[in-house]
Amino acid sequence: MWATLSAPWQACFEEAWAAYLGGSIPIGAAIADRNGSVVSRGRNRMHEPEAPPGHLSMSRLAHAEVNALLQLRTSDSSALKDLTIYTTTEPCVQCFGVIAMSGVRTIRYAASDPIAGGCDLNRSDNPYIRERNIDVRQADHRLGEIQRVLRTVCVLRTMDADRAERFLNRESEAYPRAVELGRTWHASGKLEDMARRKVPVAAVVDEIAAELDRSGRAILPSGETDTEALRIVKAAEEDIGLLARMNKELIEDEQHDNPMGVEQLAERMRGFLSTTYSAWLFKAGDDVKGYALVDHARQPLYLRQFFICRHCRREGWGRKSFHLLLREFGTESIDIDVLVWNARGRRFWEALGFTERSIRMRYEAGNGHGGEGHV
């Protein structure tokens, strides 16, 4: 795994591991030029009494991205526009603001942050941020998993039990395998032993990646066996009532303004399935975990609805169901729409590797502000 990482990502994880060894939050950042050469790097130093000159420490502001940016000794923001900042965790609200003010226009991050992540600000109506035209993208999911293993151990080591569980429940939505592996390593003391022996980060990353590869079972809820593994089944006429009930819950969860009742949704679903749509149930044993509604008339395929039942969320079923769907259709590309106010849904899809391609807008009488139109 380590040998396949680019120089900026290697620098990021070197810094994250150094932060863990130093007793701070294991987050690292690096800044690279257009050729991929690292020109600056920094790490979280929130809990360390001292730092090299030019770095912040023992402060709530001593974040990895801030410390990396502080090493760029220029006040000319135009000189930084071609640089890319890499970080092992989605920049928080503070760090996103600092990046926006710095002049750096490209952000790449490994793990999403459902608690403090600030990249949603890039979609805000703030004119200053819009004018920066910042390119924000999440890296390969495996990098996020590796980061989340380190973070999980740190959380369990430093937080009280109740707070740690609240934190990790949120993290498990996007990284169930990583959180489970982090719990295992914390309980066994494996990462602490590596830290005591000052094992090189390359070996740490490779070991985490290898264990994640061996732990496919970790995306199943605890206690289930391979005989209860997830399978995908094409929905039939007799499933329409069930699909409509799940569709109603999806509408509620998304806070959609669709006023239809279950009977109306059943008729609409029947209409969908008589055209270019197909519906699919995700099942483990006899338990339905969720469903998907796919339009085959569009290329790439269009995923109109995707729902995981409320009783089995935060257990990895969403991620596994999505990849099972892709495998069923033999495709590596699919489109979705996400409501702008559905922040949790947006984080889920971004964690799967989706990136923005367009913005769908709607005009409704009374919403206009009387401004000029496009010319």
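A: The secondary structure comes to 13 helices and 10 strands. Helices here are DSSP runs of H or I with at least four residues, strands are runs of E with at least two, and both are numbered from the N terminus. This is a predicted model: local features need pLDDT of at least 70, side-chain atom pairs count only at pLDDT 80 or more, and totals for chains, interfaces and linings use all residues. Residues are numbered from 1 along each chain as its sequence is written, and side-chain values use heavy atoms, with hydrogens and water left out.

First, the whole protein. For 375 residues, a compact globule would have a radius of gyration near 21 Å; the protein has 23 Å, which agrees. That radius is taken over C-alpha atoms, and the globule rule is 2.2 Å times the number of residues to the power 0.38. The C-alpha atoms fill a box of roughly 70 × 60 × 40 Å along the principal axes. Of the 375 residues, 49% are buried. Buried means under 20% relative accessible area, exposed over 50%, and partly exposed in between, with a 1.4 Å probe and protein chains only.

Now the sheet. Five strands make an open sheet in the order E6-E7-E8-E9-E10, with mixed pairing. Its edge strands are E6 (230–234) and E10 (334–335), each pairing on one side only. Two strands pair if DSSP finds at least two bridges between them.

Strand E8 is the part to look at.

Take the E7 side. Strand E7 covers residues 277–284 and runs antiparallel to E8, with 8 bridges joining the two. Phe-282 stands opposite Gly-290 of E8. Trp-280 has Ala-292 in E8 as its bridge partner. The hairpin of E7 and E8 has 2 residues between the strands, and in this hairpin Gly-285 takes a positive phi near 65 degrees.

Then the E9 side. Strand E9 holds residues 301–308; 6 bridges join it to E8, and the pair is antiparallel. Val-294 finds its bridge partner in Leu-303 of E9. E8 and E9 also form a hairpin, with 5 residues between them.
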